[in-house]
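This report describes how two chains of a model meet. Look at the structure first, then read on.

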Number of protein chains: 4
Amino acid sequence: MSELTLAISEKIIKAALAHGQSLGLKPLTVAVLDAGGHLVALMRQDGSSILRPQIATGKAYGAIATGAGSRWLDANAASRPHFVQALNGVAGGGMVPVPGGVLIRAAEGGAILGAVGITGDTSDNDEACAIAGIAATGLAADPG
Amino acid sequence: MSELTLAISEKIIKAALAHGQSLGLKPLTVAVLDAGGHLVALMRQDGSSILRPQIATGKAYGAIATGAGSRWLDANAASRPHFVQALNGVAGGGMVPVPGGVLIRAAEGGAILGAVGITGDTSDNDEACAIAGIAATGLAADPG
Amino acid sequence: MSELTLAISEKIIKAALAHGQSLGLKPLTVAVLDAGGHLVALMRQDGSSILRPQIATGKAYGAIATGAGSRWLDANAASRPHFVQALNGVAGGGMVPVPGGVLIRAAEGGAILGAVGITGDTSDNDEACAIAGIAATGLAADPG
Amino acid sequence: MSELTLAISEKIIKAALAHGQSLGLKPLTVAVLDAGGHLVALMRQDGSSILRPQIATGKAYGAIATGAGSRWLDANAASRPHFVQALNGVAGGGMVPVPGGVLIRAAEGGAILGAVGITGDTSDNDEACAIAGIAATGLAADPG
């Protein structure tokens, strides 16, 4: 499987939201981007605040943009803040460099197919839901 | 019903996509925004091009921003182009003023609950799918 | 009187809204800017759509920016569209060049104290409300 | 009461300004946004500087955007500066992440109805006026 279809993206979102619900998390917003960094599907749960679509998209975009889950960007923001700030400069401010943006990789070979970005609870919980969502499809999750 | 939930938004998208499929239309992208102009749900069908999420969102946003379906903006772009151009200026370039952005109104009372924006086929066909999607939920469609 | 106070600005807005109500107009948004082009007061009536604050402000700003009511900009948009487009370029897209932005001038001497911008009904009706609002304060209205 | 009307918004502003006056604070600017983050009413007191409308709006917007009073953003700006900087990136620079942006919640159930943003004195005093303004209407204030 070399492409991230809408059907798979929906499955990832539904599984991520189910994981959040099973943990009693706050309302989440989940974005799935393809390998080109473009939105395939997004869902914002009732009560998730108005900037969440951009935040979820920004986490997933940061992952696709750098080829690493957004946890890697979060670590770099501590060790090399000027680097992450500059990345966001060339990215037009579209990155959100905290955990919760997770690469979707092919089960075999590991090619990057896209990324999931989640926001609404703590960054660690957001990331756990993204991993659970990807796992439900048999694809490989790479949180960075 | 006074709020556009995620469940209703999904129902609108699925019905709009089914309508497009029944007509043999090109791959579509469908965005549903709430009454504040913020994304609730978006789906981009396989093969729908990469800018479609912004186009679908821009049609729906134009409807919410002005309180009229985007067909109204399309008519004004012909009669008063400087007005529509200026609206897009104060809107930060976020409006796509052609048919396919349809207001979602409450069945009783007609309050604006949100808007659907669709792109991928002709503007008229895009709009027809938006109307079909809204109709499937029992809410009222206002194309402008 | 050489300055546009908040008290006068509120009086203008209330009189403009009362005029609109007496004519049975749609819900309006009214912005009052000072002579520097900065917001003093704004009110958006219930049911006035979400982009109206920017539209009302953009009409008033266009008037202050050029020293003429926005009807003058509207006329220029027909005769010299490239000029109005270029004005909006240097203005950062913040002008809305249609009637409804009216200069507030001192009753004696005619100095520009600020501008009122109104949107929600037809441009002509919006402008009539701005003139009525300014008239209620004893200041002079200049629609361009 | 499920919507933030103009009448309620005016009442909030007047009570906030009265509170500031009773404390002898500097001239204030007060913005009230609805649940979609759009301006309902704004008043800038005589002597309040020219950028205050954007600052007041930016505090209120930050609260609505994240679903927490802007004191929460202020705390995060200390602990995770790259996160708040990135939020402002995806928000187009429209957030002012310091105290003084207070959520307006329904008295029963706690739904977010909008937010008040105040600027002009110290951030703590600004916030106190926002809380006093909301309290005067019987709604619940959530400073974050």
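## Terms and model

Two strands pair if DSSP finds at least two bridges between them; strands (E, at least two residues) and helices (H or I, at least four residues) are DSSP runs, numbered from the N terminus.

The model is predicted: local features need pLDDT of at least 70, side-chain atom pairs count only at pLDDT 80 or more, and totals for chains, interfaces and linings use all residues. Residues are numbered from 1 along each chain as its sequence is written, chains are lettered from A and ligands numbered from 1 in the order in which they are written, and side-chain values use heavy atoms, with hydrogens and water left out.

## Strand pairing

Strand β2 (residues 39-44) of chain C pairs with β2(D) in the antiparallel sense, over 3 bridges. Within β2(D), D:L42 is the bridge partner of C:L42.

## Interface

Contact (heavy atoms within 4.5 Å) joins 17 residues of chain D to 17 residues of chain C. The two chains bury about 1,500 Å² between them, 54% of it on carbon and sulfur atoms; buried area is the accessible area (1.4 Å probe) that two parts lose on being put together, summed over both. On the chain D side, D:L6, D:L39 and D:R44 lose the most area to chain C, together 34% of what that side buries.

## Salt bridges

The rule finds 4 salt bridges across the interface of chain D and chain C, each a side-chain nitrogen of Lys or Arg within 4 Å of a carboxyl oxygen of Asp or Glu. One salt bridge joins the side chains of D:R44 and C:D34 (2.7 Å, N to O).
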